[in-house]
Amino acid sequence: MKKIITISREFGAGGGTVGRMVAEKLHYEYYDKKLIVEAASHSNIDADQVMRYDEKVPYNFGFTQSLFEFYNRPLSEKLFQAQTDVIRRIAEKGNCVIIGRNANSILREFDSTLHVFIHAPVYYRMLHMKELMQGASEEKIMEELQSVDRTRKKYCTYYTDTVFGMSEFYDVCLNTGKFGMERCADMICELAGDS
(Lines give C-alpha, C1' and ligand atoms only; values in the text may rest on other atoms or scores of the structure.)
Protein backbone atom coordinates (compact mmCIF):
# COMPACT_ATOMS: atom_id res chain seq x y z
CA MET A 1 0.00 0.00 0.00
CA LYS A 2 1.33 3.44 -0.99
CA LYS A 3 1.18 5.70 2.05
CA ILE A 4 2.30 8.90 0.33
CA ILE A 5 0.76 10.16 -2.91
CA THR A 6 2.12 13.27 -4.59
CA ILE A 7 0.21 14.95 -7.39
CA SER A 8 1.84 17.43 -9.74
CA ARG A 9 -0.47 19.05 -12.25
CA GLU A 10 -0.94 21.34 -15.17
CA PHE A 11 -3.02 24.38 -14.29
CA GLY A 12 -6.69 23.67 -14.96
CA ALA A 13 -6.30 19.90 -15.37
CA GLY A 14 -8.08 19.26 -12.05
CA GLY A 15 -5.14 17.86 -10.08
CA GLY A 16 -6.36 19.41 -6.84
CA THR A 17 -9.85 18.01 -7.34
CA VAL A 18 -8.47 14.57 -8.16
CA GLY A 19 -6.24 14.76 -5.10
CA ARG A 20 -9.17 15.59 -2.82
CA MET A 21 -11.14 12.65 -4.26
CA VAL A 22 -8.21 10.30 -3.65
CA ALA A 23 -7.75 11.55 -0.08
CA GLU A 24 -11.46 11.04 0.64
CA LYS A 25 -11.55 7.55 -0.90
CA LEU A 26 -8.43 6.40 0.97
CA HIS A 27 -9.16 8.38 4.16
CA TYR A 28 -5.80 10.16 3.80
CA GLU A 29 -4.86 13.67 4.87
CA TYR A 30 -4.93 16.20 2.03
CA TYR A 31 -2.32 18.98 1.72
CA ASP A 32 -2.15 21.78 -0.81
CA LYS A 33 -1.62 25.52 -0.27
CA LYS A 34 -2.02 25.08 3.47
CA LEU A 35 1.52 23.68 3.31
CA ILE A 36 2.68 27.21 2.56
CA VAL A 37 1.03 28.65 5.63
CA GLU A 38 2.45 25.86 7.80
CA ALA A 39 5.91 26.37 6.29
CA ALA A 40 5.68 30.09 6.95
CA SER A 41 4.63 29.63 10.57
CA HIS A 42 7.55 27.25 11.21
CA SER A 43 10.02 29.70 9.68
CA ASN A 44 8.79 33.01 11.08
CA ILE A 45 7.94 34.20 7.57
CA ASP A 46 4.91 36.45 7.02
CA ALA A 47 2.16 34.34 5.40
CA ASP A 48 1.01 37.21 3.13
CA GLN A 49 4.52 37.60 1.73
CA VAL A 50 4.72 33.84 1.34
CA MET A 51 1.63 33.71 -0.88
CA ARG A 52 3.22 36.24 -3.24
CA TYR A 53 6.31 34.05 -3.63
CA ASP A 54 4.49 30.71 -3.91
CA GLU A 55 6.03 28.52 -6.64
CA LYS A 56 8.12 31.38 -8.01
CA VAL A 57 11.83 31.54 -8.74
CA PRO A 58 13.81 34.35 -7.09
CA TYR A 59 14.69 37.03 -9.65
CA ASN A 60 18.00 38.13 -8.21
CA PHE A 61 19.36 34.91 -6.76
CA GLY A 62 22.98 34.32 -7.69
CA PHE A 63 23.76 37.98 -8.28
CA THR A 64 23.34 39.64 -4.91
CA GLN A 65 22.91 36.67 -2.56
CA SER A 66 25.42 34.28 -1.08
CA LEU A 67 24.61 30.61 -0.64
CA PHE A 68 26.31 30.74 2.73
CA GLU A 69 24.18 33.53 4.17
CA PHE A 70 20.90 31.79 4.96
CA TYR A 71 19.22 34.79 6.57
CA ASN A 72 20.04 37.00 3.62
CA ARG A 73 18.65 34.58 1.06
CA PRO A 74 15.63 35.67 -0.96
CA LEU A 75 12.30 34.93 0.70
CA SER A 76 11.49 32.32 -1.96
CA GLU A 77 14.68 30.40 -1.07
CA LYS A 78 13.76 30.36 2.60
CA LEU A 79 10.20 29.37 1.73
CA PHE A 80 11.33 26.45 -0.43
CA GLN A 81 13.51 25.12 2.38
CA ALA A 82 10.68 25.58 4.89
CA GLN A 83 8.22 23.79 2.57
CA THR A 84 10.72 20.98 2.05
CA ASP A 85 10.99 20.49 5.81
CA VAL A 86 7.20 20.50 6.24
CA ILE A 87 6.67 18.08 3.32
CA ARG A 88 9.21 15.66 4.79
CA ARG A 89 7.56 15.81 8.22
CA ILE A 90 4.14 15.15 6.68
CA ALA A 91 5.52 12.26 4.62
CA GLU A 92 7.08 10.66 7.68
CA LYS A 93 3.58 10.37 9.17
CA GLY A 94 2.26 8.82 5.92
CA ASN A 95 -1.33 8.38 4.74
CA CYS A 96 -1.33 11.64 2.82
CA VAL A 97 -1.94 13.23 -0.57
CA ILE A 98 0.32 16.20 -1.30
CA ILE A 99 -0.53 18.54 -4.17
CA GLY A 100 2.26 20.36 -6.01
CA ARG A 101 5.23 22.01 -4.31
CA ASN A 102 7.64 19.61 -6.10
CA ALA A 103 6.83 16.97 -3.49
CA ASN A 104 7.63 14.21 -6.00
CA SER A 105 11.26 15.38 -6.11
CA ILE A 106 11.51 16.25 -2.42
CA LEU A 107 10.27 12.75 -1.48
CA ARG A 108 11.95 10.75 -4.25
CA GLU A 109 13.97 8.63 -1.79
CA PHE A 110 10.95 7.85 0.41
CA ASP A 111 9.47 4.35 0.26
CA SER A 112 5.75 3.65 -0.22
CA THR A 113 5.21 6.62 -2.53
CA LEU A 114 3.19 7.07 -5.69
CA HIS A 115 4.13 10.13 -7.76
CA VAL A 116 1.42 11.24 -10.19
CA PHE A 117 1.30 13.90 -12.90
CA ILE A 118 -2.15 15.13 -13.96
CA HIS A 119 -2.47 16.77 -17.37
CA ALA A 120 -5.12 17.48 -19.99
CA PRO A 121 -5.47 19.12 -23.41
CA VAL A 122 -5.46 22.92 -23.32
CA TYR A 123 -9.09 23.19 -24.44
CA TYR A 124 -10.27 20.86 -21.64
CA ARG A 125 -8.31 22.89 -19.09
CA MET A 126 -9.71 26.15 -20.43
CA LEU A 127 -13.29 24.82 -20.14
CA HIS A 128 -12.63 23.57 -16.60
CA MET A 129 -11.21 26.93 -15.53
CA LYS A 130 -14.12 28.76 -17.20
CA GLU A 131 -16.39 27.04 -14.65
CA LEU A 132 -14.14 28.20 -11.79
CA MET A 133 -13.33 31.70 -13.08
CA GLN A 134 -16.87 32.96 -13.61
CA GLY A 135 -17.01 35.94 -15.94
CA ALA A 136 -13.42 35.64 -17.19
CA SER A 137 -12.95 35.66 -20.96
CA GLU A 138 -11.46 32.65 -22.74
CA GLU A 139 -8.53 34.86 -23.72
CA LYS A 140 -7.86 35.78 -20.07
CA ILE A 141 -8.12 32.14 -19.00
CA MET A 142 -5.69 31.05 -21.74
CA GLU A 143 -3.21 33.71 -20.60
CA GLU A 144 -3.53 32.43 -17.03
CA LEU A 145 -3.02 28.80 -18.13
CA GLN A 146 0.16 29.69 -19.99
CA SER A 147 1.47 31.94 -17.23
CA VAL A 148 0.93 29.45 -14.38
CA ASP A 149 2.34 26.51 -16.36
CA ARG A 150 5.41 28.55 -17.36
CA THR A 151 5.98 29.61 -13.73
CA ARG A 152 5.61 26.02 -12.45
CA LYS A 153 8.10 24.75 -15.05
CA LYS A 154 10.69 27.36 -14.05
CA TYR A 155 10.11 26.69 -10.34
CA CYS A 156 10.50 22.94 -10.82
CA THR A 157 13.70 23.23 -12.85
CA TYR A 158 15.24 25.84 -10.54
CA TYR A 159 14.68 23.97 -7.28
CA THR A 160 14.79 20.31 -8.30
CA ASP A 161 16.88 20.12 -11.47
CA THR A 162 14.08 18.04 -13.03
CA VAL A 163 11.58 18.79 -15.80
CA PHE A 164 7.97 19.57 -14.89
CA GLY A 165 5.62 17.10 -16.56
CA MET A 166 8.34 14.82 -17.98
CA SER A 167 7.17 11.25 -17.41
CA GLU A 168 10.48 9.93 -16.11
CA PHE A 169 10.03 12.00 -12.91
CA TYR A 170 6.66 10.41 -12.04
CA ASP A 171 5.32 6.90 -11.56
CA VAL A 172 2.21 7.58 -13.65
CA CYS A 173 0.83 10.38 -15.83
CA LEU A 174 -2.96 10.65 -16.21
CA ASN A 175 -5.01 12.68 -18.67
CA THR A 176 -8.19 14.03 -17.06
CA GLY A 177 -9.42 15.16 -20.48
CA LYS A 178 -9.46 11.54 -21.61
CA PHE A 179 -10.47 9.68 -18.45
CA GLY A 180 -12.26 12.31 -16.37
CA MET A 181 -11.37 13.30 -12.82
CA GLU A 182 -13.38 10.59 -11.08
CA ARG A 183 -11.80 7.76 -13.12
CA CYS A 184 -8.31 9.25 -12.61
CA ALA A 185 -8.95 9.30 -8.85
CA ASP A 186 -10.09 5.67 -8.99
CA MET A 187 -6.98 4.66 -10.96
CA ILE A 188 -4.71 6.37 -8.43
CA CYS A 189 -6.46 4.55 -5.58
CA GLU A 190 -6.05 1.25 -7.43
CA LEU A 191 -2.37 1.92 -8.04
CA ALA A 192 -1.85 3.01 -4.43
CA GLY A 193 -3.30 -0.31 -3.26
CA ASP A 194 -0.69 -2.34 -5.16
CA SER A 195 2.23 -3.40 -3.01
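Against which strands and helices do the buried residues of helix 1 pack? In this predicted model, they pack against strand 1 (4-9), strand 2 (29-31), strand 3 (96-99), strand 4 (113-119), helix 8 (176-179) and helix 9 (181-193).

## Helix 1

Helix 1 is formed by twelve residues, 15-26. From its first C-alpha to its last the helix reaches 16 Å, close to the 16 Å expected at 1.5 Å a residue. The buried residues of helix 1 are Gly-15, Gly-16, Val-18, Gly-19, Val-22, Ala-23 and Leu-26. Viewed down the helix axis, these buried residues fall within an arc of 160 degrees, so they line one face of helix 1.

An α-helix has 3.6 residues a turn, so residues three or four places apart point the same way. Helix 1 is followed by His-27, which has a positive phi, near 60 degrees.

## Helix 6

Helix 6 covers residues 122-132, and Arg-125, Met-126, His-128 and Met-129 are buried in it. Seen along the axis of helix 6, its buried residues fall within an arc of 165 degrees, so they too line one face of the helix. The packing partners of these buried residues are helix 7 (138-160) and helix 9. Helix 9 is also among the elements against which the buried residues of helix 1 pack.

The face of helix 6 turned away from its buried side carries Tyr-123 and Glu-131, both of which are exposed.

## The loop between helix 6 and helix 7

Met-133 is placed in the loop between helix 6 and helix 7. When residues up to four places away in sequence are not counted, Met-133 touches Ile-141 and Glu-144.

## Positive phi at two loop residues

Asn-95 is not a glycine, yet its phi is positive, at about 50 degrees. This residue belongs to the loop between helix 4 (75-93) and strand 3. Its relative accessible area is 32%, and Asn-95 is therefore partly exposed.

Ser-112, likewise a residue other than glycine, has a positive phi near 55 degrees. The loop that holds Ser-112 lies between helix 5 (103-106) and strand 4. Ser-112 counts as partly exposed, at 35% relative accessibility.

Methods: Residues are numbered from 1 along each chain as its sequence is written. This is a predicted model: local features need pLDDT of at least 70, side-chain atom pairs count only at pLDDT 80 or more; totals for chains, interfaces and linings use all residues. Side-chain values use heavy atoms; hydrogens and water are left out. Helices (H or I, at least four residues) and strands (E, at least two) are DSSP runs, numbered from the N terminus. The expected span of a helix is 1.5 Å times one less than its number of residues. Buried means under 20% relative accessible area, exposed over 50%, partly exposed in between (1.4 Å probe, protein chains only). The arc is that of the directions from the helix axis to the C-beta atoms. Contact means heavy atoms within 4.5 Å.
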